[in-house]
Amino acid sequence: MPQLSRVKVAGYLTFLILIWGINWPLSKFALAYAPPILFAGLRTFVAGIILLAFALTRYKQLRFKETWPIYVLASVLNIVLYYGFQTVGLQYMPAGLFSAIVFFQPVLLGIFSWLWFGEMMYGLKMVGLLLGFAGVSVMSIGGFSGNISGWGIILAIASALSWAMGSLYMKKQAAQVDSVWMTTMQMLIGGIVMLASGSFMESWTDIVWSSSFIGVTLFISVFVIALGWLVYFTLIGTGEASKVGSFTFLIPVVSILISVMFFHEKVTASLLTGLVLIAFSILFVNVKPKRYRLQA
């Protein structure tokens, strides 16, 4: 996969951070109208159908007989397990704490990229990754109240782990598959599995098909899932996974700011502290020490 220019990388990262940050409050709104597993399956499957319209124009690059195992494993890691663990886990513990644990993913991504792909790892970079996780945790401190279940913690860690493993698998297979088909097939396979699971565990009659729900679901399907995952996989496939991961710490920042602006949540000291920690996190991860610059 060809390398992206710095301008394109900056544009893709900006889009991804904003659109995935908006996703959290929008999803919270939509869940008032639909059961969680059916909603997750619905938005993912719709995203797959939308992407399919574009993917069919490059049908020669599908090579399904050769690549179907890649599509299946990627969809299991990035869609079924990632969203499945989230959906179930949120029932066992406060959302703030759960999301903080899930955003341990960039730290896992950085460590695994170093161990398996030979990406540079040095003290400042590791400190940066840990500061980013600390920043998300501090911002989420308001959600630490309430009953905390061991199962909730396990499922949150599992969600972070599946996301990290899925991202690394995508990086490894980037040269073997077309990025559009990879994203499309993940959404279709994952969406079908989750819709089937939701149909068994939940009821379609519980969905309130209001114009607001339909509009939000379509927005999430098109921008958050279809375009968002396509951009994310493109970045992972062309750049250092740990650096891309460090910027995902900004996603909960955007989510909280949107909630402050539109849902009248308060700006707290923990929010400001978290912002500072995340800023230093991104700086430390992306500024390479002099001795490593000389080696490059």
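At what angle do helix α7 and α9 pack, and how far apart are their axes? In this predicted model, local features need pLDDT of at least 70 and side-chain atom pairs count only at pLDDT 80 or more, while totals for chains, interfaces and linings use all residues. Residues are numbered from 1 along each chain as its sequence is written, and side-chain values use heavy atoms, leaving out hydrogens and water.

Helix α7 (residues 150–173) and α9 pack at an angle of about 65°, with their axes 8 Å apart; helices are DSSP runs (H or I, at least four residues) numbered from the N terminus, and axes are lines fitted to C-alpha atoms over the stretch in contact, with angles from 0 to 180 degrees between N-to-C directions.

W163, W229 and Y232, together with W20 and I225, touch the most other members of the largest nonpolar core, which has 71 residues. Such a core joins buried Ala, Val, Leu, Ile, Met, Phe, Trp, Tyr and Cys residues through side-chain atoms within 4.5 Å, where buried means under 20% relative accessible area with a 1.4 Å probe, protein chains only. Helix α9 (residues 211–238) supplies the largest share of this core, 13 residues.

W229 touches W20, N78, Y82, Y83, W163, T183, M187 and V224, not counting residues up to four places away in sequence.

Finally, Q86 lies in helix α3 (residues 64–89) and is buried, at a relative accessible area of 10%.

Definitions and conventions: Buried means under 20% relative accessible area, exposed over 50%, partly exposed in between (1.4 Å probe, protein chains only). Helices (H or I, at least four residues) and strands (E, at least two) are DSSP runs, numbered from the N terminus. Contact means heavy atoms within 4.5 Å.
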